[in-house]
Amino acid sequence: MGRSGVSIQRPRTDRSEAVRDAIQILGSGFIGHPDNADLRTALSTGARTPQAYGRQLQVVVFRLLFRMLAEERDLLHPPGSDPDARAWYESDVSMRRLREVASQADHPDGDDLWQRLCVVCSRPAAPDGGPGLGLPHLCSSLWSNEETPDLLAPAQVSLRNADLLEAIGLLGSAPTPDELGSVYESLLALRAGVSIECRTFTLTAARGGTRRSTGSFYTPEALVSHLLDTALNPVIQHRLEQATGAATASGRDAQAEQERALLSITICDPACGSGRFLVGAARRLADRLAQTRSGTSRPAPEVQRHALRDVIRHCIYGVDLDPLATELCKIALWSELNQAGAPLSFLDHHIKTGNSLLGATPGLISAGIPDDAFTPQDGDDPRIARAHRSRNQQERGQCQDEPAGDNRGPEEARLLADAWCASFIWVKDGAVSPGAVPGRPG
């Protein structure tokens with residue numbers, strides 16, 4: 001579970017520490033390679049901040065970890081995929097092969113391994129993962145070139161084999177989806193640092209860090225289970241009772257009515273993080289669905305798997321502010337499907353990136369932007385915020401008599417609502433002069 005009302009922070013695991021060290025090795029390796037002058041220039045001039053660079057490194061490492069997980073479960077290639085493509089992948093670019101090389105005492109010289117790895121890690125998010133690969137898991141924004149602009153296409157950096165293999169050796173064995181989530185959450189507590197002179201990249205503990213600004217905290221399994229007991233179980237029981245009553249009254253098949261009732265349940269986590277709660281909820285609902293379909297308390301594994309796939313496809317929804325969190329949530333649910341070749345994109349319409357706590361209504365918009373929108377937050381200049389607040393007070397009264405949605409088309413109304421919401425999260429740092437801020441957008 002991601003951000004929730006009650007959360008307990010867990011100490012970092014060995015896996016989290018290893019991933020942090022691997023990211024630092026890769027980050028320093030890219031900065032230090034003599035061919036990567038453009039990267040060093042971007043970091044030294046401020047065109048790319050250390051935190052943004054660190055984010056790209058995280059994406060690269062999570063791509064590697066995902067492939068390790070998928071290879072371990074034989075979920076990458078769909079049934080009937082090209083045998084030659086599978087053989088080439090396994091022998092040349094698979095994480096299994098790279099881990100074998102990393103475990104050897106002597107590492108090959110040069111930087112060809114990273115170049116070969118880029119064939120997979122930088123492919124566009126195409127339905128087949130690119131010609132000759134047949135990896136539909138790449139049909140996901142996690143593999144978008146936009147996520148790694150300084151490391152993988154359109155830019156292409158170099159990395160010594162020794163640095164890549166050291167990092168891969170640290171990553172260890174294939175992770176579980178839960179481990180991916182805990183690693184992600186631990187990285188939020190770290191702050192990135194770059195030294196061009198020393199050719200190093202570091203991740204150090206920072207009070208609050210990204211974890212504080214995003215509100216992301218680990219929620220223990222026991223708390224997830226308790227929430228499911230108290231929130232989901234009563235809904236399941238109520239729906240089953242309703243379905244049974246409706247079937248009895250109408251003479252319809254009770255089992256079919258109960259199945260429809262269960263699959264009509266919508267489970268949404270508005271701050272899903274890496275998906276811990278949604279996975280638990282999917283399993284819980286799938287258990288009842290499988291029992292209903294089989295008529296027994298212990299359904300066959302295949303019935304259980306089919307029920308879980310149906311629940312994930314029909315009942316599970318989530319939102320998170322962090323795009324990487326939503327991708328990890330998709331991975332967690334994807335792994336539950338246990339269906340070789342299923343693309344990560346199958347849940348794109350169910351798991352969304354966005355702010356579920358911020359929104360607007362016509363009534364709120366017609367009242368103008370409230371003064372609280374200009375209360376200084378982290379990163380704001382208090383003087384600039386006060387100037388905006390004063391201008392907002394002056395102009396809000398002039399706009400309140402104007403109807404909020406009259407004579408506006410859907411697109412214009414949406415832009416107006418977006419602008420109203422943006423006033424709360426827009427950084428008041430002087431980039432826009434106070435005179436350019438209206439009392440209310442539109």
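Glu 179 is partly exposed, with a relative accessible area of 26%; here buried means under 20% relative accessible area, exposed over 50% and partly exposed in between, using a 1.4 Å probe and protein chains only. This is a predicted model, in which local features need pLDDT of at least 70 and side-chain atom pairs count only at pLDDT 80 or more, while totals for chains, interfaces and linings use all residues. Residues are numbered from 1 along each chain as its sequence is written, and side-chain values use heavy atoms, with hydrogens and water left out.

**Salt bridges**

- A search of the whole structure turns up 22 salt bridges, each being a side-chain nitrogen of Lys or Arg within 4 Å of a carboxyl oxygen of Asp or Glu.
- Glu 179 is in one of them, meeting the side chain of Arg 15 at 3.4 Å, N to O. Since Glu 179 lies in helix 8 (residues 177–187) and Arg 15 in helix 1, the pair ties together parts that are 164 residues apart in sequence. Helices (H or I, at least four residues) and strands (E, at least two) are DSSP runs, numbered from the N terminus.
- Arg 15 is buried, with a relative accessible area of 12%.
- Arg 276 and Asp 178 also meet through their side chains in a salt bridge, at 3.9 Å from N to O. This pair links distant parts of the chain, with Arg 276 in helix 12 (residues 276–294) and Asp 178 in helix 8, 98 residues apart.
- Arg 276 is buried at 11% relative accessible area, whereas Asp 178 is partly exposed at 41%.
- Asp 74 forms a salt bridge with Arg 86, and their closest N and O atoms are 3.3 Å apart. Asp 74 lies in the loop between helix 3 and helix 4 (83–93) and Arg 86 in helix 4, so the pair ties together parts twelve residues apart in sequence.
- Asp 74 counts as partly exposed at 48% relative accessibility, and Arg 86 is partly exposed at 30%.

**Aromatic pairs**

- The whole structure holds four aromatic pairs; rings of Phe, Tyr and Trp (its six-membered ring) pair if their centres lie within 6.5 Å, and planes under 30 degrees apart count as stacked, over 60 as edge-to-face and the rest as tilted.
- Tyr 53 and Phe 201 make an edge-to-face pair, because their ring centres are 5.3 Å apart and their planes stand at 90°. The pair links distant parts of the chain, Tyr 53 in helix 3 (residues 50–72) and Phe 201 in strand 2, 148 residues apart.
- Tyr 53 is buried at 0% relative accessible area, and Phe 201 counts as buried at 1%.
- Phe 66 and Trp 334 form a tilted pair, 5.0 Å centre to centre with 55° between the planes. Phe 66 lies in helix 3 and Trp 334 in helix 14 (residues 323–337), so parts 268 residues apart in sequence are tied together.

**The strand hairpin**

- Strand 1 (residues 190–195) and strand 2 (residues 200–205) run antiparallel and are joined by six bridges; two strands pair if DSSP finds at least two bridges between them.
- Phe 201 of strand 2 stands opposite Val 194.
- Four residues lie between the strands of this hairpin, in which Arg 199 takes a positive phi near 60°.

**His 33**

- You will find His 33 in the loop between helix 1 (14–32) and helix 2 (37–45), and at 7% relative accessibility His 33 counts as buried.
- Leaving aside neighbours within four places in sequence, His 33 is in contact with Arg 40, Asp 111, Ser 158, Leu 159 and Arg 160, where contact means heavy atoms within 4.5 Å.
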